[in-house]
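Q: I have a protein structure open and I need a hand reading it. Can we go through it together?

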Amino acid sequence: MAVTALALVAGVVLLAYAADQFVLGAARVALIRRVPSLVVGVVVIGFGTSAPELLVSFLAALDGQVEIAVGNVVGSNIANLSMLLGLGALIVPLTVSSSTVRREAPLTVAAAVAFALAVQGGGIAAWQGVALLVFLGLALWTVLRTQTPDPLGPEVEELADGSQHSFATEIARTVAGLVGTVAGAQLLLWGAIDVADRAGLSEGFVGATLVAVGTSLPELVTVVQSARRRETDLIVGNLLGSNLFNCLAVGGIVGLVGGSGLDGQQLTVLAPLLAVGVAVLAWLAMITRRVVGRVEGIALIVLYAAIVPFLA
């Protein structure tokens with residue numbers, strides 16, 4: 001059991017650090033090659049923060065552990081828009097822009113609905129995986145077409161300023177970050193499967209709780225750092241973008257790798273519907289005065305704690 005605990009801790013730490021380096025390196029490489037900062041913000045950074053979920057779910061589906069793969073997606077989505085959004089609101093009230101309420105939040109809710117529909121038949125079929133990826137392409141096109149401000153923001157653009165960094169160094173950082181993320185994902189997956197076997201827990205429950213929280217660490221770090229700097233737009237945008245990529249990119253790839261064979265209603269009905277409900281409630285919290293305040297933050301954290309037992 002000590003070895004399992006060590007593997008879990010090492011996997012989570014490696015995931016958090018390596019994924020951050022992967023995103024930073026990829027953003028700088030893209031900026032050095034003069035990729036528009038709009039594309040870097042929406043695609044590179046948005047996709048990169050979901051890299052842990054993507055790799056863990058990909059490896060799990062590849063190994064036939066579909067319950068962990070799907071549980072990781074719904075668990076991460078629930079944690080992002082309840083526990084993490086609530087934590088950010090506790091640190092500082094989160095002001096939400098009108099464009100986020102009109103565009104990103106509805107797209108995230110629609111993505112959660114699409115994912116919930118895809119798993120209703122006992123998993124994600126290959127054609128459904130393709131449909132989710134097509135939806136992702138359309139969602140990205142919508143955001144890129146209608147977004148006028150720089151989504152990186154001045155604080156992130158300064159961090160990822162391509163003109164101040166070596167191309168070779170950032171390529172090495174990106175590759176090392178990707179390798180570390182894969183290694184961390186494998187350690188976390190192995191530890192989670194062992195915990196499920198030893199404790200007699202379902203793999204779906206472990207995936208939706210232990211694995212999901214572990215893969216959400218990059219978002220947690222972003223939330224805490226951004227809240228301390230009062231970069232509230234970055235918090236909301238990062239969490240919504242992460243859920244969008246989780247549902248459509250991760251869900252799509254799981255479907256293509258082999259996402260069928262789910263048993264029981266926890267992961268095919270209950271958990272996906274709970275994820276949709278949380279997304280809708282988070283959207284409503286954003287609409288209210290365009291601020292997610294501390295009262296809403298406490299309610300969202302309590303909501304997460306109330307939901308966890310239903311994932312078992």
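A short chat about this structure follows.

Q: What kind of model is this?
A: This is a predicted model: local features need pLDDT of at least 70, side-chain atom pairs count only at pLDDT 80 or more, and totals for chains, interfaces and linings use all residues. Residues are numbered from 1 along each chain as its sequence is written, and side-chain values use heavy atoms, with hydrogens and water left out.

Q: How many helices and strands does the protein chain have?
A: The protein chain has 13 helices and 4 strands. Both are DSSP runs, numbered from the N terminus: helices are H or I with at least four residues, strands are E with at least two.

Q: How compact is the protein chain?
A: As compact as a globular protein of its length, because its radius of gyration is 18 Å, close to the 20 Å that the globule rule gives for 312 residues. That radius is taken over C-alpha atoms, and the rule is 2.2 Å times the number of residues to the power 0.38. Along its principal axes, the C-alpha trace spans about 50 × 45 × 40 Å.

Q: How much of the protein chain is buried?
A: Buried residues make up 55% of the 312 residues. Buried means under 20% relative accessible area, exposed means over 50%, and partly exposed is in between (1.4 Å probe, protein chains only).

Q: And the contacts, what share join residues at least 24 apart?
A: That share is 86%, among contacts between residues at least 6 apart in sequence. Contact means heavy atoms within 4.5 Å.

Q: Which residues have the most contacts inside the largest nonpolar core?
A: They are Leu-85, Leu-94, Phe-115, Met-286 and Val-292, in a core of 79 residues. The largest share of this core, 12 residues, comes from H4. A nonpolar core is a set of buried Ala, Val, Leu, Ile, Met, Phe, Trp, Tyr and Cys residues joined through side-chain atoms within 4.5 Å. In soluble globular proteins, nonpolar side chains tend to be buried together.

Q: What does Leu-85 contact?
A: Leaving aside neighbours within four places in sequence, Leu-85 contacts Asn-80, Leu-94, Val-236, Leu-239, Ala-282, Met-286 and Leu-300.

Q: New topic. Is Glu-53 buried or exposed?
A: Glu-53 counts as buried because its relative accessibility is 0%. It lies in helix H3. Beyond neighbours within four places in sequence, its contacts include Asn-72, Ser-76, Glu-219 and Asn-246.

Q: How far is Val-73 from Glu-53?
A: Val-73 and Glu-53 are 20 residues apart in sequence and 6.8 Å apart in space, C-alpha to C-alpha. Val-73 lies in helix H4. Val-73 is buried, with a relative accessible area of 1%. Leaving aside neighbours within four places in sequence, Val-73 contacts Ser-57, Phe-115, Asn-246, Cys-247 and Val-250.

Q: Where is Asn-243?
A: Asn-243 is in helix H11. Asn-243 is buried, with a relative accessible area of 4%.

Q: What lies 3.1 Å from a polar atom of its side chain?
A: The backbone oxygen of Asn-77 lies 3.1 Å from a polar atom of the side chain of Asn-243. A polar contact is a pair of N or O atoms within 3.5 Å; within protein, one must be able to donate a hydrogen and the other to accept it, and residues adjacent in sequence count only if both atoms are side-chain atoms.

Q: What happens at the start of H8?
A: There, a side-chain oxygen of Ser-166 reaches to within 3.4 Å of the backbone nitrogen of Ala-168. H8 is followed by Gly-200, whose phi is positive, near 70 degrees.

Q: Which residues of H10 are buried?
A: They are Leu-217, Pro-218, Glu-219, Thr-222, Val-223, Ser-226 and Ala-227.

Q: What covers them?
A: The cover includes helices H1 (2-32), H3 (51-62), H4 (66-91), H9 (203-215) and H11 (232-258).
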